[in-house]
Each structure stands twice: as structure tokens, then as C-alpha cells.
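Here is a short report on a protein model with its ligands. It starts with one term, then moves from a ligand site to the overall fold.

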Amino acid sequence: MTTWAAAHALASSEPRPRPARLVPLCAAGGLVTAAEVRAVLPVPAFDSAAMDGYAVAGPGPWAVTGRRLAGSAAGCSLAGGTAVEIATGALLPAGCDAVLPYEDCERHGDTVSAPPPARDHIRRAGEDVRPGDPLLPGGRALTAVAVAALAQAGVGEVLAHPAPALTTLVTGDEVVHRDAPGPLGPGQVRDAFSGVIAALAARAGAAPPAHRHVRDDPGALAAAIGAAGGDVVAVTGASSRGAADHLRAVLDWLGARWLVDGVACRPGHPQGLAALPDGRWVVSLPGNPFAGLVAALTLLEPLLARLAGRPAAPARTAPVHGEAKPFPAGTRIVPVALAGGRAVVVPGARPAGLRAAAAADALAVLDATWRSGGDGLLLALP
Ligand SMILES: Nc1nc2c(c(=O)[nH]1)N[C@H]1C(S)=C(S)[C@@H](COP(=O)(O)OP(=O)(O)OC[C@H]3O[C@@H](n4cnc5c(N)ncnc54)[C@H](O)[C@@H]3O)O[C@H]1N2
Ligand code: MOO
């Protein structure tokens, strides 16, 4: 039995991030950089107008000789005393000294005049970023904004950790698809895991998980684990010691090495983390849905995030108020609602139900000495 803190720390530190490779920027969203990324091109890429108005050369008044819109690639130059109408973002004509916004100008026929400008309203190439400037450090998630910034600076590919690949194996002869039309047959339950695991995988930077249902049969489970491929297999259910709980025997048979075999927490104590001889990871999530959710946040999400190369998120704690029964031999985990920097226990959590968790924002991790108002570590709910 491992302490909750040790189990969480092991999952976040034991695997090595997936080996980095060059990834085209268009496929890099959500991945984590493995090295500093530098600009290839300047931003802005060319001198351009910062306002809609007139591009002018020399002192005014100016004879207006044409119009230049954004995207126009034709060369153009201005002689002293002339101007062209110009749009924001249009290539600056050669010889242009300033762009005068429409609202500062008076136009009569083909002549425009304006008081001497206080600013030139010109965006100079490279005034934001110069080629070679560092844009992102290694170990940084490529958010949509980061990808857009790299595209602006002409970066075509980045050295990044590929997204870990996860297969979810949902075990249980009684389990039917989440969207199965009701009412169900006697003894059947709808799958409470696949959607939650997919959301956690996305949050951790993993690829959308493959998903399979496996009947309660050791041969079928061994075959499904063998066929899963990828980096991580999450097995829901079959974690305990019942007649249909085959995961332990199957993993032993496959030669797996347990890193975590049971966690001193409530709920979720039958969870586990094992390494297969071929380097893949197996996370065992107890079948009771709230217990499985606890295990997914304890082991699965940190494991995926680590494989994805994500730096460990800073621990978030808050005073937790309300009623919860500390677990004397370890850790109690409860759903909490967050408001104004406080966490308040959502009452009524049971291992087999998700009602309280659905009304919560996070799970709070409480040690055995916790009393109302004491700090708890917070795990955001997906
Ligand atoms: N003799 C013991 N029995 C149990 C122990 C124990 O220590 N000794 N621990 C209990 C605890 S705690 C948990 S949690 C469960 C873990 O059970 P398993 O991981 O083996 O899961 P199953 O037996 O397959 O199912 C348990 C429960 O969860 C429901 N379930 C399973 N999969 C799903 C799913 N995808 N969606 C919704 N619900 C699911 C299943 O129908 C059962 O009701 O073991 C206790 N027993
Ligand atoms: O992991 Mo079990 O909840 O404690 O149902």
C-alpha cells in the first residue's frame, strides 16, 4: 500500500517524457516544446501602415496618386509631395515618411493636407520580433496562442514531445455504453469512465484515447492489453479481488512490475500503476465511478502529463471547510465547491456515485489530521 502523496508523485516523475521529434507546426497544438523555439522571420514581416489614411512623402499638401490596400503586392514608391490612400496592414510604399489617419486629414479633390503629424503611424518590420529571438522556452505547452505566435514568426516545425497514446479498456459484463438507450437490463450499468478519461487525457496533452469494452475473461483482458499499443492502457474495473476481477492475475502473467499496488486513501484504494516489460504503462482504476475518478486524478492524469513532457503543475491548496471524515490510516478525498479562495465540501459523496462530484469544482485531498478550515490539496475536476 502506497501513501496517496507518494503514489501521485511516482506517477508524475517515474516515466520519461516521450522522446522529442520535429513536428510540423500545424500538428503541434497541445504538445510540449522540448527545446527553446526561436523566430525565423521578423514580426511584423514588412514595413506597413498602422492606420487607415494616407501614406505621404515630404511636406504637405500632397497630391493623391492612388490607393494601396492590404495584401497588394505590387511595388510602389512615393515622390516628395505625393500621397496614396493606404489601408492598415498594407505594404508601405518606398519613400513614405508617415501615414496620416483619415480623421487628421482634409481632402479637396486630389489634394490632401494635414497638420504636421505627431507620430508616423508606421509599423516597422521586426519591431516586435527579430529573426533568432527566443519565443518559447523548452517544456512549454503549445497553446493556441503560442502556435499563432510561432506561425507569425515563420516557424514551420518545432522540437516537441509527441502526445502520449492511451487506450481505455472498460471491463465488466454488466457495463454498457454510456449512450445506451434506457431502460437497461437487470444488473446493467452505463459506463461512467470513457468520457471522463477522454477529458483528462485532453487536459494532460495526450491524444484522444482509443476505447474498447472487454468482457470479464482473463484471456480477453490479456489479449486486449496486448493489442492496445501506444504508451498507456487504463483499465477500468477488475481491480479488486472478486471472481471476475482478473487484472491482477493478467498483469502478473504478462510480467508487469507494480509501482503502485493499492493506495492508502478513501475512496480509491484498489488503484494501481504497473509497467509492462515492453515499456507501456497500465493504470488500474477501480470500477466504482467516484473511486475510479479519484484514481484517474491520482495516477492517470499525472502519468499522461509527464509522458507528454508537461512540467508538474504547481500544487494548489486552499482551506477546506465543511464536514468530512478524515481517514485515520491515510488520505480522504472529497469533492469541493470553490468560491472566494475557499473550498467547501460538497456533502454526500459515495464511491459508486458521481452526483456530489458533478456539483463540485475540484477534489480536495485531506490528510488524517484535517479539521474544517485546514488546508487541502486541490485537484481540478474535468
Ligand atoms: N473483498 C473486497 N471487495 C471489494 C474491495 C475490497 O477491498 N475487498 N474493494 C471495494 C472497492 S473500495 C472498490 S472501489 C471496488 C473495486 O472494484 P473493481 O475495480 O474490481 O471493479 P468491479 O468489481 O468490476 O466493479 C465495481 C463496481 O463498479 C461498477 N462499474 C465497473 N465499471 C464501471 C463503469 N465503466 N461504469 C460504471 N460503473 C462501473 C460495477 O458495476 C460495480 O458496481 O471493489 C470493492 N470490493
Ligand atoms: O475505492 Mo472503493 O471506493 O473505496 O469504492
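A polar contact is a pair of N or O atoms within 3.5 Å. The model discussed here is predicted.

**Ligand 2**

Asn288 supplies a contact of this kind: a polar side-chain atom of Asn288 lies 2.6 Å from an oxygen atom of ligand 2. A backbone N or O atom of Gly268 is 2.6 Å from a ligand 2 oxygen atom. For a backbone N or O atom of His269, the distance to an oxygen atom of ligand 2 is 3.4 Å.

| Residue | Atom in the residue | Distance to an oxygen atom of ligand 2 |
|---|---|---|
| Gly268 | backbone N or O | 2.6 Å |
| His269 | backbone N or O | 3.4 Å |
| Asn288 | polar side-chain atom | 2.6 Å |

The surroundings of ligand 2 also include Pro267, Pro270, Ala291 and Pro351.

**An open sheet and its helix**

Six strands form an open sheet. Their order is S17-S14-S18-S22-S21-S19, and the pairing is mixed. Which strands stand at the edges? They are S17 (210-214) and S19 (257-261). Each has a single partner strand, so one side of each is left without a neighbour in the sheet. From one strand to the next, the twist averages 20 degrees.

S19 and S21 (residues 272-275) run antiparallel and are joined by 4 bridges. Within this pairing, Trp258 stands opposite Ala274 of S21. Strands of a sheet pair through backbone hydrogen bonds, either parallel or antiparallel.

Helix H6 (residues 289-307) lies across S14 (166-171), S18 (232-236), S19, S21 and S22 (281-285). H6 runs at about 160 degrees to S22.

**Ser48**

Is Ser48 buried or exposed? Ser48 has a relative accessible area of 1%. The cut-off for buried is under 20%, so Ser48 is buried. Ser48 sits in strand S4 (residues 48-49). Leaving aside residues up to four places away in sequence, Ser48 touches Gly89, Ala90, Leu92, His121, Ile122 and Arg123.

**The whole protein**

The protein has 7 helices and 27 strands. Its radius of gyration is 30 Å, well over the 21 Å that the globule rule gives for 382 residues, so the protein is more spread out than a compact globule. The C-alpha trace spans about 90 × 45 × 40 Å along its principal axes. Of the 382 residues, 43% are buried. Among contacts between residues at least 6 apart in sequence, 69% join residues at least 24 apart.

How values were computed
Residues are numbered from 1 along each chain as its sequence is written. Chains are lettered from A and ligands numbered from 1 in the order in which they are written. This is a predicted model: local features need pLDDT of at least 70, side-chain atom pairs count only at pLDDT 80 or more; totals for chains, interfaces and linings use all residues. Side-chain values use heavy atoms; hydrogens and water are left out. Two strands pair if DSSP finds at least two bridges between them. Helices (H or I, at least four residues) and strands (E, at least two) are DSSP runs, numbered from the N terminus. Axes are lines fitted to C-alpha atoms, for helices over the stretch in contact, and angles run from 0 to 180 degrees between N-to-C directions. Contact means heavy atoms within 4.5 Å. Buried means under 20% relative accessible area, exposed over 50%, partly exposed in between (1.4 Å probe, protein chains only). A residue is near a molecule or strand if one of its heavy atoms lies within 4 Å of it. A polar contact is a pair of N or O atoms within 3.5 Å; within protein, one must be able to donate a hydrogen and the other to accept it, and residues adjacent in sequence count only if both atoms are side-chain atoms. The radius of gyration is taken over C-alpha atoms; the globule rule is 2.2 Å times the number of residues to the power 0.38.
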